[in-house]
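I opened the model today and kept notes as I went. Here is what I looked up, entry by entry.

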Number of protein chains: 2
Amino acid sequence: MRSQFESQLKDLNVKLLKMGAMVQEIIEVSVQALAKQDLETAKTICVMDDEIDELELQIENECMRLLALQQPMAKDLRVIGTIMKIITDLERMGDHAVNIAKVTLEIGNEPLIKPLIDIPRMARLSEKMVNKSLDSFMKADIQLAEEVAHDDEAVDQIYEAIYTEIIEMMIEDPKVVKQATNLLFVGRYLERIADHATNIGERVIYMVTGERIEIN
Amino acid sequence: MRSQFESQLKDLNVKLLKMGAMVQEIIEVSVQALAKQDLETAKTICVMDDEIDELELQIENECMRLLALQQPMAKDLRVIGTIMKIITDLERMGDHAVNIAKVTLEIGNEPLIKPLIDIPRMARLSEKMVNKSLDSFMKADIQLAEEVAHDDEAVDQIYEAIYTEIIEMMIEDPKVVKQATNLLFVGRYLERIADHATNIGERVIYMVTGERIEIN
């Protein structure tokens with residue numbers, strides 16, 4: 001019984017890592033499509049997101065079955081509860097990538113009002129945070145989980161810089177207001193994605209220590 | 001065993017309704033504080049949100065215990081899975097109310113650039129959606145759940161109107177850019193709150209029919 005539980009849990013972890021990889025990819029692809037104004041790619045983001053949603057549902061169902069059939073012990077309960085929370089955060093990240101794709105389609109072929117440097121940087125940092133947060137879960141490593149919150153501060157700082165820059169651009173030139181607002185939203189979506197990774201880190205800490213903290 | 005399960009489930013439902021009421025209140029209070037520029041009240045929103053987070057954790061733990069100890073049947077599994085998803089959506093609504101309070105504090109005592117009519121309207125609609133979505137869960141009523149998605153369209157329309165209005169204000173008068181952006185964010189937070197209520201409706205439909213749909 002016990003070894004069956006562990007083998008099913010291992011299977012769940014594999015799926016969770018797969019979901020994490022898909023989420024990192026959707027963040028990457030959605031921001032690249034924006035930077036390159038690649039509208040065709042932007043249109044495929046929805047399909048990628050549907051696959052993420054599908055996998056979330058699959059993992060969730062397996063968690064529920066595992067809980068109901070195997071009567072796991074307290075520690076296992078916490079692990080499965082953590083997985084169920086992690087997939088919700090991952091799924092929401094996918095939604096934000098879809099929002100980024102929508103902005104890309106709205107901007108269309110209109111020239112970008114600024115070279116996109118900070119936004120792709122935020123994206124890369126967020127992807128690393130997703131990776132690290134899942135790693136902290138797999139290893140039950142509190143220190144890694146705390147690092148995610150630390151990385152989140154860097155993302156917040158970039159967002160603040162983008163915010164200030166874009167507000168100034170709008171004040172100087174009313175013609176840019178619409179696109180500037182859209183780019184500001186993208187910054188906000190990425191900032192939220194990083195927050196979701198931080199949530200995952202916090203859940204891992206809760207799973208390991210039983211203490212609920214909010215690092216931010 | 002069975003009746004014990006049902007009594008625990010009933011207890012869970014009471015807590016869920018309490019959480020829903022707290023979320024409706026935090027939406028109401030956060031938007032009223034913004035409209036009245038009541039900074040003292042805005043400062044209390046964090047405390048209200050902490051209480052929501054606490055209750056979420058409590059409900060989640062009880063769900064997990066119930067799953068593990070009672071070996072519920074397939075239908076009950078789905079109900080508990082739904083509760084676990086609902087509380088995540090409710091919790092996120094609380095976070096958005098905190099974001100609204102942050103905007104209120106940032107605007108401070110600076111005169112509002114426009115009378116707030118649409119934003120409180122969005123708030124009231126969202127609160128009703130929260131109420132209706134929980135009602136649809138309690139009654140396992142698909143029709144009610146679908147109505148929530150319908151209400152969401154009204155919220156989206158108001159958001160679109162706010163968006164257009166605020167973009168125009170920014171184009172006409174660069175001095176309003178900063179506050180206008182903040183108010184646009186508030187519109188977005190409320191739009192997201194309504195989306196979370198829609199998520200709840202979708203989950204109820206999934207719980208009842210076993211079919212996963214996205215209404216929007």
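**Entry 1. The second annotated span.** I started with residues 119–204 of chain A. The chain is 93% helix and 0% strand there, and the end C-alpha atoms of this span sit 28 Å apart. Helices (H or I, at least four residues) and strands (E, at least two) are DSSP runs, numbered from the N terminus.

**Entry 2. Ground rules.** This is a predicted model, where local features need pLDDT of at least 70, side-chain atom pairs count only at pLDDT 80 or more, and totals for chains, interfaces and linings use all residues. Residues are numbered from 1 along each chain as its sequence is written, chains are lettered from A and ligands numbered from 1 in the order in which they are written, and side-chain values use heavy atoms, with hydrogens and water left out.

**Entry 3. The record.** I checked where the span comes from. UniProt, in an unreviewed entry, places "domain: PhoU" at residues 16–103 and 119–204 of chain A. UniProt positions are given in the numbering used here, feature names are shortened, and annotations may be inferred rather than shown by experiment. I then looked at residues 16–103 of chain A. That span is 93% helix and 0% strand. Its end C-alpha atoms lie 28 Å apart.

**Entry 4. Chain A as a whole.** I counted elements next. Chain A has six helices and zero strands. From the N terminus on, the order reads α-α-α-α-α-α. Along its principal axes, the C-alpha trace of chain A spans about 65 × 35 × 20 Å.

I compared chain A with the globule rule (2.2 Å times the number of residues to the power 0.38, with the radius of gyration taken over C-alpha atoms). For 216 residues, a compact globule would have a radius of gyration near 17 Å; chain A has 19 Å, which agrees.

Then I looked at burial. Buried means under 20% relative accessible area, exposed over 50%, and partly exposed in between (1.4 Å probe, protein chains only). Of the 216 residues in chain A, 58% are buried. Chain A exposes about 9,200 Å², and carbon and sulfur atoms supply 52% of that area. Accessible areas come from the Shrake-Rupley method with a 1.4 Å probe; for residues, only the protein chains shown count as cover.

I also took the contacts (heavy atoms within 4.5 Å). Among those in chain A between residues at least 6 apart in sequence, 82% join residues at least 24 apart.

Entry 5. Leu34(A) is in helix α1 (residues 2–35) of chain A. I call Leu34(A) buried because its relative accessibility is 1%. Leaving aside neighbours within four places in sequence, Leu34(A) touches several residues, including Val103(A), Ile107(A), Leu116(A) and Leu183(A). The C-alpha atoms of Leu34(A) and Leu105(A) are separated by 8.4 Å, though the two are 71 residues apart along the chain.

Leu190(A) lies in helix α6 (residues 177–209) of chain A. Leu190(A) is buried, at 0% relative accessibility. Its contacts beyond four places in sequence include Ile27(A), Val31(A), Met122(A) and Val155(A). I also took one pair from Leu190(A) to Ala74(A), 116 residues apart along the chain; their C-alpha atoms are separated by 35 Å.

**Entry 6. Gln179(B).** I moved to chain B. Gln179(B) is in helix α6 (residues 177–209) of chain B. Is Gln179(B) buried or exposed? Gln179(B) counts as buried, at 3% relative accessibility. The side chain of Gln179(B) reaches the backbone oxygen of Pro111(B) at 3.1 Å. Beyond four places in sequence, Gln179(B) is in contact with Ile107(B), Glu110(B), Pro111(B), Leu112(B) and Ile113(B).

Entry 7. I checked phi. Ala140(A) is not a glycine, yet has a positive phi of about 50°. Ala140(A) lies in the loop between α4 (118–139) and α5 (142–172) of chain A. Ala140(A) is partly exposed, at 38% relative accessibility. For Ala140(B), phi is positive too, near 45°. Ala140(B) is in the loop between α4 (118–139) and α5 (142–172) of chain B, and is partly exposed at 38% relative accessibility.

**Entry 8. Cysteines.** How many disulfides does the structure hold over all chains? The number is zero, with a disulfide taken as a pair of cysteine sulfur atoms within 2.5 Å. Cys63(A) is in no disulfide; the nearest cysteine sulfur, that of Cys63(B), is 14 Å away. Cys63(A) is buried, with a relative accessible area of 0%. Cys46(B) is partly exposed, at 41%.

Methods. A polar contact is a pair of N or O atoms within 3.5 Å; within protein, one must be able to donate a hydrogen and the other to accept it, and residues adjacent in sequence count only if both atoms are side-chain atoms.
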